[in-house]
Amino acid sequence: MDINIHDTYYVISNYHFATLISILFGIIGLIYWIVKKVNGNLSKRLNLIHVTLTFGGIFLILILNEFFRKSIMEYDFNENLTMVIYLISAIVIFGQIIFPINIIRGIIRKRNKT
């Protein structure tokens, strides 16, 4: 996977990208587990939205990354595909904002019940 920002290219191998995603999902899963162990009361709807945006978005990005065309004549196609990948990335990042909102909401709901 390569990311072009102005005149600088950042190249990430698939192995390192997969490792980064695995660590991210491990941390998120650990936080969900800790909240469940302390009897946190998380919203099922926010959980579903967060997990769907995270897994679905990254899955779509990986699939769309395979559609890049190598021919120079297909520049417009690649440019549009890059824009779609950036849009999906922004949606995935937005989905990560839902995660702490859900955690804070669960903690507040637990305090109000006691």
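At the start of helix 2, a side-chain oxygen of Ser43 reaches to within 3.4 Å of the backbone nitrogen of Arg45. This pair meets the criterion for a polar contact (N or O atoms within 3.5 Å; within protein, one able to donate a hydrogen and the other to accept it, with residues adjacent in sequence counted only if both atoms are side-chain atoms). The model is predicted, with local features requiring pLDDT of at least 70 and side-chain atom pairs pLDDT 80 or more, whereas totals for chains, interfaces and linings use all residues. Residues are numbered from 1 along each chain as its sequence is written, and side-chain values use heavy atoms, with hydrogens and water left out.

The protein chain contains three helices and two strands, arranged from the N terminus as β-β-α-α-α. Helices (H or I, at least four residues) and strands (E, at least two) are DSSP runs, numbered from the N terminus. Of the 114 residues in the protein chain, 22% are buried; here buried denotes under 20% relative accessible area, exposed over 50%, and partly exposed in between (1.4 Å probe, protein chains only). Among contacts (heavy atoms within 4.5 Å) with a separation of 6 or more, 64% join residues 24 or more positions apart.

Helix 1 comprises 24 residues, and the distance from its first C-alpha to its last is 34 Å, close to the 34 Å expected at 1.5 Å a residue. The expected span is taken as 1.5 Å times one less than the number of residues. Phe17, Ile21, Ile28, Tyr32 and Val35 are the buried positions listed for helix 1. Asn39, which follows helix 1, has a positive phi near 60°.

The buried residues of helix 2 are Leu46, His50, Thr54, Gly57, Ile58, Ile61 and Leu64. Viewed down the axis of helix 2, these buried residues fall within an arc of 135° and so line one face of the helix, the arc being that of the directions from the helix axis to the C-beta atoms. Lys44, Arg45, Leu48 and Phe59 are exposed on the other side of helix 2.

The axes of helix 1 and helix 2 come within 13 Å and cross at roughly 175°. Axes are lines fitted to C-alpha atoms, for helices over the stretch in contact, and angles run from 0 to 180 degrees between N-to-C directions. Helix 1 and helix 2 are therefore roughly antiparallel to each other. Helix 1 contributes Phe17, Ile21, Phe25, Ile28 and Tyr32 to the contact, and helix 2 contributes Asn47, His50, Thr54, Phe55, Ile58 and Leu62. Angles over 145 degrees count as roughly antiparallel, under 35 as roughly parallel, 65 to 115 as roughly perpendicular and the rest as oblique.

Ser43 itself lies in the loop between helix 1 (14–37) and helix 2 (44–65), and its relative accessibility of 13% places it in the buried class. Not counting residues up to four places away in sequence, Ser43 touches Asn102 and Arg105. Asn102 is found in helix 3 (residues 75–113) and counts as buried, with 2% relative accessibility. With neighbours within four places in sequence left aside, Asn102 is in contact with Tyr32, Leu42, Ser43, Leu46 and Asn47. Arg105 also lies in helix 3, but is partly exposed at 35% relative accessibility. Under the exclusion of neighbours within four places in sequence, Arg105 is in contact with Ser43 and Leu46. Arg105 and Leu42, 63 residues apart in sequence, are separated by 7.2 Å in space, C-alpha to C-alpha.
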